[in-house]
Every structure is written in C-alpha cells, then in structure tokens.
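Here are some notes to read beside the structure.

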Amino acid sequence: MTSHFEYPSDREAASAAQVRALEKLLIEKGIIAAGTVDKVLGYFESEMTPLNGKKIVARAWSDAEFAQRLVSDTPAAIAELDLPIGMAGAEGEHLAAVANEPGVHNVVICTLCSCFPWPVLGLPPYWYKDPVFRARAAREPRAVLTELGVDLADDTEIRVWDVSGHSRWFVVPQRPAGTDGMSEAELAELVTTESMMGVALVETPARS
Amino acid sequence: MKLQHTLGGLEGLDDPIDFEKQVFVQEWEKRIFGIHTAMMGLSSSLRDSPGGYDIDGVPTTFDSRWTWGDLRAGAEAMNPFAYFQYRYYEKWLGGITAHLVASGYISQEELDDATARFREEPTAPLPDIENPAIDEQVIRYLRGGDSPRRGPATPRFAVGDTVTVRNPPAAEHTRLPGYLRGHDGVVERIFEGNYSYFFSTGADGLGEPVPVYLVRFDPATLWGAAAEAGSGPLYAELYESYLSPAATAPEGDSTS
C-alpha cells in the first residue's frame, strides 16, 4: 500500500523524456507534424487567454442589458464582442455564465475532472484540478472561500456549480466599489481567472 | 463505487488547498497537453461533427477516435490510490501513452528506446517533418469545436420536477458525480437540444443523444450533518440517463 505513495526521485526527468519520445515518434509516424504541438500552445498563449473573459466581464459591468443577455444566452452575448475567432470552439461549444449579485456568490467546480471554459479563460490553473479543492468545495464552500481569502457576509448565499455536462460555466463577479468612471479596458485589468470561477472577489483598485 | 468518481464532499481532507495559479508546473506538461489536443483535432469522430471537418482529407496517419471520454476513461480506470498519486498531466501522459501503444501506433520497445535516448540527451532535436495540413486541421478544430448537440430536446422531466439520481453500476468512465447517487433534486432548467457523448459509458448510460438538465440539490440532503451551516444550493448538470422520477425506487439501481 505504501508503495503507491513512493515517487521516484527522477520523476520529472522521466516524464520529460517520455513525452519527448512520444512527440518524436508521433512526428516520425506522420500522426502529427513538427510544428503541431507548438501551434496548439501558441493558440492558447496568444488567442484563448483570460483576456477574453476579462473583456466579457468588463462589458457586463458597463452595460446592464449585456449583463442580462450574458446570463440568459451566454454564447449569443459573447458573439456580440470583438474577440478572437473560436469563442464557440473547443471547450466553448456551449458556454454558460452565472452572475454574482448582492447576497449571492457562485463557485464553479468540476469534481469529476477539470471542465473549464477554454475560450473565456484559457486552460485551467492547477488549483482548479487540486483533489483537495474539488473534494472540499463541493461540501464546505464557505470554509474553502475563507481559506482562499474570500470573506463573504454570513447571509450571503453560496451556490456551488458542480458542472461536468455539456456546458462550460464561468462566473461574472461583482463590480468592485470605487470603479465609477473607469473605462472597460481599465475594468478588464481588475478581473482575474479566479474571480471568474468564484474563488476570488474583484478588489477595489488601490488609489495611486 | 470508485473513489475518483466520488471525490466531491470526501471527508477528512483537512489539507490546505494548493492554490497554484499556474496552468503548467513543468515544461514537459505543455507537450502532453499539445499532443492530446492535436489528437482531439484529428479524431476520426470529427467525421460526424456539425463542424463539417474533412477529416478523411487530412494527411495524418492517425485514424482513431480520441475524445475527452477516451482520455478521461484512462485516468478514471486507474487504481484509485494511483489516481491521487499522480499529478494531472502525469495521468494524461500515462493514459495517452497506453492508448497509442495499445492501438499499435507505437511499440513499447521503440518508446522505451526513444525515452532512454532523451534521458541521456534531453534536448536532442525532434524530427523536422512539417505538415501544414495537419496543423491547419488542429487549429480549425480548436476554433470550430465539436458540439455534441443532436436534434431537439426530448425531455422526460419538466422544470420543477423532483428527480432521483440513479445508481448505475460503476463504469470505467462516468459523468455522474458519485456523491449525487440516490439523492433527490429539483429540475431547475432543461437545456435546449439533446446531447450525445462521444464515448459510450456502457451500463453507466452515456452515448446516445439525451436531454441534459440543471438539477438543484439541497446540501442537507447530500451531506446530512456534515453539510456546512447555512450553505446554499448545489447545482449539477446531469444527463437524463442519470435521472429517474422521484418517489419510486431509483431505476438501474445496482445495489437493491
């Protein structure tokens, strides 16, 4: 039993060599090409990044009717914006949003794997896949949020979305106080991936 | 039951959460992500995609189905202790390697040889064989996706209905969070259209197009005394295959 928890000391070097061997063989055998993996990675580094989600939220904060449409018909609302081609692409085929509001806070989790709205937020960060997070957030979301630094009023209802069906969900956080008059571009900079999955609030910007 | 399907709500995990915000914690993880995603974009299952991909016209030697179900089945079929031993992309590496060897695309021997060589010379170059048509299909897939929506919704349940989550036999892969089994919830929303799953989960019930519901659960019914005081509802997106009418014995019950 304890052998299950022993890690070889060369764990990362072994994986690195194995994945490189795999890529080499797949290229040699004509399954993929020399540039394929780099092109995939480039797509997520340059186009499908959290910047898309930040712009979506900033628009919702700036346009109440858009904010309504973003929740009622998420794909159509997103299609209104000037975002990269592919917002309805891989892992964005059926996007869905829930909005935080006074007295209601939403947290999106996936206890089975790591379902994540790629076109909106890019690829999932490690915390989202952490077994401890996935286990605890389902049953004790308030304790988890407190641990992660999100202090909510006792009477704020926390809604947990354990969603691993066809849709890919994200949270529209609340606009922080002290941001009146800020442009959408300025607002977008305040938004984080964590706030769009509900494990962070968007903070009021420090006065400079 | 399988532990990896019943992670939600697991008690006794007092560990702090690893709030690691990086997507990849090792450079090699990027490569297995890229390989997986390329295989998704070259999957034979895309022949049936509403995306209209000309998969047969793509000059790849890959001629297999590779979907999320195939990847997830590899991880979920693991020994449960091993499942929690390995990091996320370590499971991907193991599952994808096993699939490629089992399908005959590569042999274990050539893989072992190549791995040994890269252990000695980690930065030895990769073959310089370009093939833009393969790359273009992969990017086309990333932009176009592969919607599982098939035909209009044919819901058996209505919004407001109380449903009981079924208890199908444990399969190598499922989309049913284990902690919901046997519990009652209320249909909050019915999604437009029916949805297939590109991987049959057998007696678990997924594969053919079915309606999908958003179902609302009361934490007190899910967790009993272990529920967090004053916690709000938990919502799950569930395929109709996992639901039966309430107030009757759950259909497909494997234990009664």
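How many cavities of 30 Å³ or more does a search of the whole structure find?

1. The search finds five. Keep in mind that this is a predicted model.

2. Start with the largest cavity. Its volume is about 330 Å³. A total of 25 residues line this cavity. Closest to its centre are Glu91(A), Trp68(B), Asp146(B), Pro148(B) and Phe198(B).

3. Which helix gives the most to the lining of the largest cavity? Helix α2 of chain B, residues 68-76, does, with three residues.

4. Ten of its residues are nonpolar, nine are polar and six are charged.

5. Now take the second largest cavity. Its volume is about 40 Å³. From chain A, the lining has Ser114(A), Trp118(A), Leu123(A) and Pro124(A). From chain B come Phe33(B), Trp68(B), Tyr88(B), Tyr89(B) and Trp92(B).

6. Helix α4 of chain B, residues 88-102, gives the most to the lining of the second largest cavity. Its share is three residues.

7. How does the lining of the second largest cavity divide into nonpolar, polar and charged residues? Eight are nonpolar, one is polar and none is charged.

8. Last, the domains of chain A. The assignment gives domain 1 as residues 2-34 and domain 2 as residues 49-188. Taken over C-alpha atoms, the centres of domain 1 and domain 2 of chain A are 34 Å apart.

Conventions:
Residues numbered from 1 in each chain as written. Chains lettered and ligands numbered in written order. Predicted model: local features only at pLDDT ≥ 70, side-chain atom pairs only at ≥ 80, totals over all residues. Heavy atoms only, no water. Domains from an automatic or database assignment. 1 Å grid on protein atoms, 1.4 Å probe; cavity = no way out; pocket = protein on both sides within 12 Å on 5 of 7 lines; lining within 4 Å. Points joined across faces, edges and corners; volume = space filled by probe spheres on them. Helix = DSSP H or I, 4+ residues; strand = E, 2+ residues; numbered from the N terminus. Nonpolar A, V, L, I, M, F, W, Y, C, P; charged D, E, K, R; others polar.
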